[in-house]
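Subject: Structure handover

Hello,

I am passing on the structure we spoke about. Please open it alongside this message and read the notes below with it.

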Amino acid sequence: MLVHNTIARGTFDRAHSLARHLVRRDHKVTLFAGTSTRSTAQHRILDGVEVIEGFDPLPARARESGLSPFDLVNRIRHLLRDRCDLVHCFDHRPTVSLPGLLLARRRRIPCIFDWADLWGFEGIAAERGLFSRILLGTADHLLEESVRRRADALTAINTALRDRAKERFTV
């Protein structure tokens, strides 16, 4: 499982909740999270779930943004060494979607995407300042839908996103 939030924040809690229940059913689950402590890689077990935070020297906001190049490289390096039979991405940001899709394609395993927020121009981007809306909003808008088109399965947190997915992603 891949999230960009740090431990005990946002989507981490949702992913961890699912993961710990899978562990109770004798599955081995690894959860990659944003780095909580600057410049320090962490590896811990939380409720039976292996939680990995890579080395990342950037400020807190960047470490949790899903945009850190340090986090991206750490995740790719780690995932290419590990064996797994499924990858579950909890967002579209590069530190989540790129390693997830790369691993799934390389290992020929299913890749599931979870959709919990509308980040593009019709969502969070519309609430940002002009510069951020243009720069980050454009990237979010393009990535949000393009990575989900490559998913083997998609979960949506509510009926609005489910209906949006059905309109855009069904053949």
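Predicted model: local features only at pLDDT ≥ 70, side-chain atom pairs only at ≥ 80, totals over all residues.

The whole protein

There are six helices and six strands in the protein. Taken in sequence order, they give the pattern α-β-β-β-α-α-β-α-β-α-β-α. The protein is as compact as a globular protein of its length, because its radius of gyration is 16 Å, close to the 16 Å that the globule rule gives for 171 residues. Along the principal axes, the C-alpha atoms fill a box of roughly 40 × 40 × 30 Å.

Of the 171 residues, 43% count as buried. If you look at contacts between residues at least 6 apart in sequence, 57% of them join residues at least 24 apart. As for charge, the protein carries 28 positive and 21 negative side chains. The centres of these two sets lie 4 Å apart.

Helix 6

Helix 6 covers residues 159-169, and Leu 161, Arg 164 and Ala 165 are buried in it. These residues lie on the same side of helix 6, because they cover an arc of only 100° around the axis. As a general point, an α-helix has 3.6 residues a turn, so residues three or four places apart point the same way.

What do the buried residues of helix 6 pack against? They pack against strand 5 (111-115), helix 5 (130-149) and strand 6 (153-156).

Arg 164 deserves a separate look. This residue of helix 6 has a relative accessible area of 12% and is therefore buried, the cut-off being under 20%. Leaving out residues up to four places away in sequence, Arg 164 touches Trp 115, Leu 118, Glu 122 and Glu 145.

Ala 151

Ala 151 sits in the loop between helix 5 and strand 6. Is Ala 151 buried or exposed? With a relative accessible area of 18%, Ala 151 is buried, since the cut-off is under 20%. Its contacts include Arg 105, Cys 111 and Phe 113, with residues up to four places away in sequence not counted. Ala 151 and Phe 169 are 18 residues apart in sequence, and their C-alpha atoms are 9.8 Å apart in space.

Two residues with positive phi

Most residues other than glycine have a negative phi. Two residues to check against that are Ala 8 and Asp 47.

Ala 8 has a phi near 70°, which is a positive value in a residue other than glycine. Where is Ala 8 placed? Ala 8 belongs to the segment before helix 1 (11-24). Its relative accessible area is 52%, so Ala 8 is exposed.

For Asp 47, phi is near 55°, again a positive value in a residue other than glycine. Asp 47 is found in the loop between strand 2 (42-46) and strand 3 (49-53). Asp 47 counts as exposed because its relative accessibility is 52%, and the cut-off for exposed is over 50%.

That is the end of my notes.

Regards

Note on methods
Residues numbered from 1 in each chain as written. Heavy atoms only, no water. Helix = DSSP H or I, 4+ residues; strand = E, 2+ residues; numbered from the N terminus. Rg over C-alpha atoms; globule rule 2.2 N^0.38 Å. Buried < 20%, exposed > 50% of the residue type's maximum accessible area, 1.4 Å probe, protein only. Contact = heavy atoms within 4.5 Å. Lys, Arg positive; Asp, Glu negative; His and termini not counted. Charge placed at Lys NZ, Arg CZ, Asp CG, Glu CD. Arc of directions from axis to C-beta.
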